[in-house]
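We will go stop by stop.

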Amino acid sequence: MHVAADAEAGPVRAPLSRDRVLRAAVRIADDGGIGALTMRRLAEELGAEAMSLYYHVANKDEVLEGIADVVAREINEVVDALDVPSAGARWKNAVRRRILAAREVLLRHPWAPSVLETRAAMSPEILRYHDRLLGLMRDGGFSYDLAHHALHALGSRALGFSQELFDPGDGSGSPEELAGFADRLPHLVGMLSEIAHDDPDSTLGWCDDQSEFEFGLDLLLDGLDRLRERSS
């Protein structure tokens, strides 16, 4: 005789998969920052036993590798949808649009830069992103040698974020920490007393708000464009 399912048992959960585990990890990091992401918390989010996660991810480091890839894939989906002319002098606008679109994705996942810059293994999605970026430079007439220099100059800005000059997370370099050294560091203290980053929605780091990011990006792109013109 067929027995009906218990109506009070609740909805049937989808089976665990690597993709489901990683997307849950992204949600946790989005909600509470990367420090909130633990294997125990991840298991709770999925309604699973912690040990069952290890069938899909070997450890937390593999989770971090995986969520870096998830975000990079999201970046590629966004930038690949752009349709911006890139031939000749138009390369600069195409590259700028691509990088700022990547940054918009990172602003939805503000924990991602700290993960991306500490991963030992290069994500295939990151490699694909840079390959397409190089393609735009080649459309503009860059030699591979000049494009290589350009990638070094852009650094993390190519992906949409700036690496911090100081790390205020441990207190070093923060305005409060430096204020006590005004006699020995007059110029740093003077600068920090005047600058203001008052747009938290556009900020990926202590000194990486949108206006600072675009200022540095435009300086680099303008300089690279002059080198491109000189070499053509």
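**Stop 1: asparagine 76**

Select asparagine 76, which lies in helix α4. You are looking at a predicted model. Is this residue buried or exposed? Asparagine 76 has a relative accessible area of 0%. Buried means under 20%, so asparagine 76 is buried.

Now show side chains. Next, select what else touches asparagine 76. Leaving aside neighbours within four places in sequence, its contacts are Arg98, Glu125, Arg128 and Tyr129.

**Stop 2: helices α5 and α7**

Arg98 belongs to the α5 side of a helix contact, and Tyr129 to the α7 side. Select residues 91-108 for α5 and residues 124-139 for α7. Their axes are 9 Å apart, and the packing angle is about 160°. An angle over 145 degrees counts as roughly antiparallel, so that is how α5 and α7 run relative to each other.

**Stop 3: arginine 228**

Keep Trp91 on screen and jump to arginine 228, which touches it. Arginine 228 sits in helix α11, residues 210-231. With 8% relative accessibility, arginine 228 counts as buried.

What does its side chain reach? One partner is the side chain of aspartate 225, at a polar contact of 2.8 Å. To see the surroundings, select Gly88, Ala89, Trp91, Gly140, Phe142 and Leu146. These are the contacts of arginine 228 once neighbours within four places in sequence are left aside.

**Stop 4: helix α1**

Select residues 18-32 to see α1, a helix of 15 residues. From first C-alpha to last, α1 reaches 21 Å, close to the 21 Å expected at 1.5 Å a residue. Which residues of α1 are buried? Highlight Val21, Leu22, Ala24, Ala25, Val26, Ile28 and Ala29. Their cover includes α2 (39-46), α3 (50-53) and α4 (60-80). Step just past the end of α1 to glycine 33, which has a positive phi of about 85°.

**Stop 5: where α1 meets α4**

How do their axes meet? They come within 9 Å and cross at roughly 85°. Angles of 65 to 115 degrees count as roughly perpendicular, and α1 and α4 are therefore in that group.

The α1 side of the contact is Arg18, Leu22, Arg23, Ala25 and Val26. The α4 side is Glu62, Val63, Gly66, Ile67, Val70 and Arg73. The contact of α1 with α4 has six nonpolar residues, four charged and one polar.

**Last stop: the whole chain**

Zoom out and color by secondary structure. How many helices are there? The chain has 11, with zero strands. Of its 232 residues, 37% count as buried. Now consider contacts with a sequence separation of 6 or more: 70% of them join residues 24 or more positions apart.

Definitions and conventions: Residues are numbered from 1 along each chain as its sequence is written. This is a predicted model: local features need pLDDT of at least 70, side-chain atom pairs count only at pLDDT 80 or more; totals for chains, interfaces and linings use all residues. Side-chain values use heavy atoms; hydrogens and water are left out. Helices (H or I, at least four residues) and strands (E, at least two) are DSSP runs, numbered from the N terminus. The expected span of a helix is 1.5 Å times one less than its number of residues. Buried means under 20% relative accessible area, exposed over 50%, partly exposed in between (1.4 Å probe, protein chains only). Contact means heavy atoms within 4.5 Å. Axes are lines fitted to C-alpha atoms, for helices over the stretch in contact, and angles run from 0 to 180 degrees between N-to-C directions. Angles under 35 degrees count as roughly parallel, over 145 as roughly antiparallel, 65 to 115 as roughly perpendicular and the rest as oblique. A polar contact is a pair of N or O atoms within 3.5 Å; within protein, one must be able to donate a hydrogen and the other to accept it, and residues adjacent in sequence count only if both atoms are side-chain atoms. Ala, Val, Leu, Ile, Met, Phe, Trp, Tyr, Cys and Pro count as nonpolar, Asp, Glu, Lys and Arg as charged, and the others, Gly among them, as polar.
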